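I opened my notebook and went through this structure one topic at a time. Here is what I looked up.

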Amino acid sequence: MLRTVILAAARSSRVERLVQTVPVSRDVVRRFVPGVSTDDALRATRELVAEGLKVTLDYLGEDTQTAEQAAATKDEYLRLLKSLADAGVTAAAEVSVKLSALGQRFDEDLAYEYAHAICEVAASSGTTVTLDMEDAATTDLTLDTVDRLRRDFPTAGAVLQAYLRRTEGDCRELAVPGSRIRLCKGAYSEPESVAFQSTVEVDKSYVRCLNILMSGPGYPMIATHDPRLIAIGEDRAKWFDRSPEDFEFQMLYGIRPEEQHRLAAAGYQVRVYVPYGEQWYGYLMRRLAERPRNLAFFARSLASR
Ligand code: FDA
């Protein structure tokens, strides 16, 4: 219930304006978002890479409404990729892109063209692109786009959300040689007709999907902070004889950093999803919806002012 309310607020521009005016928001945001500029993103990347972690960078912004905003997002990704290449960190740092930030909601061809341009520069810089997955209304279009991009850039990665009823089937279809699939639980508010609603059902679905991906010929990216699912991931790697180079764990910036380091020290590849930019509102709200304790942290910060 609380999750649904927060996720509804995540899409409300009125609530967004209110939250943005509270100065303390910035302190809370910093826990999950290391900064707003390309330089901030690069600094966080350098720090994480020095700690033995890998990175995927997300320039925050979604549901872009105008062609100018979409072009600005594409340009920022191109700038970021150049900075990563100049800094010599592209072996450890890739980018994550939301098609809605590239204009998918109003011009699918434009979003594809911009995603293609980002993949092109990523490929020439020696790194990869993963297309984030957004709400269920966009799943087919996003998977189609990954499919098209993979013809020119075979390493283009997709995200599958275990809460969707369709995802087990998508895992079967997409677990092909060379595919890179990030498996996450799913962060949006979806109706019962398309998504499992209970934690137990979502977790069971995650394990079924994990079994398919870990036993298949693709490259699974296990995106979760859930200790039980991480342990199952470690177990399946042994069971299916997967070496640590053949899959990776992924977690969000600022969430369970000690676990990120523990897994890296144990010899696993761990990639941290690093969001940056001014448009942090929707991202922060989804993190608050996932964990009521984060909401309490936010409320306490407000109260202490
Ligand atoms: P969940 O939130 O259910 O937490 C399970 C358990 O993990 C908790 O009970 C606790 O033990 C532990 N835990 C979680 N947060 C913690 C914290 N702050 N401190 C300590 N313990 C904590 N979603 C989407 O829809 N599309 C996408 O493209 C992506 N991309 C993506 C990339 C990456 C790298 C990650 C990690 C996640 C995403 N997500 C996403 C978000 C994802 O769908 C999901 O909403 C969050 O990862 C939260 O789900 P968890 O699997 O972490 O479990």
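**Overall build**

I started with contacts: of those in the protein with a separation of 6 or more, 72% are between residues 24 or more positions apart. I kept in mind that this is a predicted model.

Next I looked up the secondary structure. I found 13 helices and 8 strands.

Then I checked the overall size. The C-alpha atoms fill a box of roughly 55 × 40 × 40 Å along the principal axes. For 305 residues, a compact globule would have a radius of gyration near 19 Å; the protein has 18 Å, so the two agree. I also noted that 43% of the 305 residues are buried.

**The sheet**

In what order do the strands lie in the sheet? I read off E3-E2-E1-E8-E7-E6-E5-E4, an open sheet of 8 strands with parallel pairing. Strand E3 (129–131) and strand E4 (158–161) are the edge strands, and each pairs on one side only. Neighbouring strands are turned by 30 degrees against each other on average, direction ignored.

I reminded myself of the general rule: strands of a sheet pair through backbone hydrogen bonds, either parallel or antiparallel.

E4 is joined by 4 bridges to strand E5 (residues 180–184), and the two run parallel. Valine 159 stands opposite arginine 182 in E5.

**Around E8**

I moved on to strand E8 (270–276). Why is E8 called largely enclosed by the rest of the structure? I counted buried residues: 6 of the 7 in E8 are buried, so the strand is largely enclosed.

I then looked up the partners of E8. Strand E1 (residues 54–59) is joined to E8 by 6 bridges, and they run parallel. Here threonine 56 stands opposite tyrosine 273 in E8.

E7 is joined to E8 by 4 bridges, also running parallel. Phenylalanine 249 stands opposite valine 270 in E8. From E7 the chain crosses through H11 to E8, and this β-α-β crossover is right-handed.

I checked how that helix lies. Helix H11 (residues 257–265) lies across strand E7 (248–252) and E8, and runs at about 145 degrees to E8.

**The nonpolar core**

Which residues touch the most other members of the largest nonpolar core? That core has 81 residues, and I listed Val95, Ala115, Ile118, Leu131, Leu183, Cys209 and Leu213.

I followed one of them, isoleucine 118. Leaving out residues up to four places away in sequence, I found that isoleucine 118 touches Lys74, Tyr77, Leu78, Val95, Val97 and Val129. Val95 is itself on the list of residues that touch the most other core members.

**Two single residues**

I picked arginine 150, which sits in helix H7 (residues 139–152). Arginine 150 and cysteine 119 are 31 residues apart along the chain, and their C-alpha atoms are separated by 9.6 Å.

My last stop was serine 37, in the loop between helix H3 (25–32) and helix H4 (38–50). Is serine 37 buried or exposed? I found 12 other C-beta atoms within 10 Å, and exposed means 12 or fewer, so serine 37 is exposed. Serine 37 and valine 194 are 157 residues apart in sequence, and C-alpha to C-alpha they are 37 Å apart in space.

How values were computed:
Residues numbered from 1 in each chain as written. Predicted model: local features only at pLDDT ≥ 70, side-chain atom pairs only at ≥ 80, totals over all residues. Pairing = 2+ DSSP bridges. Axes fitted to C-alpha atoms, helices over the stretch in contact; angles between N-to-C directions. Contact = placed C-beta atoms within 7 Å. Core = buried A, V, L, I, M, F, W, Y, C linked by C-beta atoms within 7 Å. Buried ≥ 20, exposed ≤ 12 C-beta atoms within 10 Å, placed from the backbone. Rg over C-alpha atoms; globule rule 2.2 N^0.38 Å. Right-handed = clockwise from strand over helix to strand, strands pointing away.
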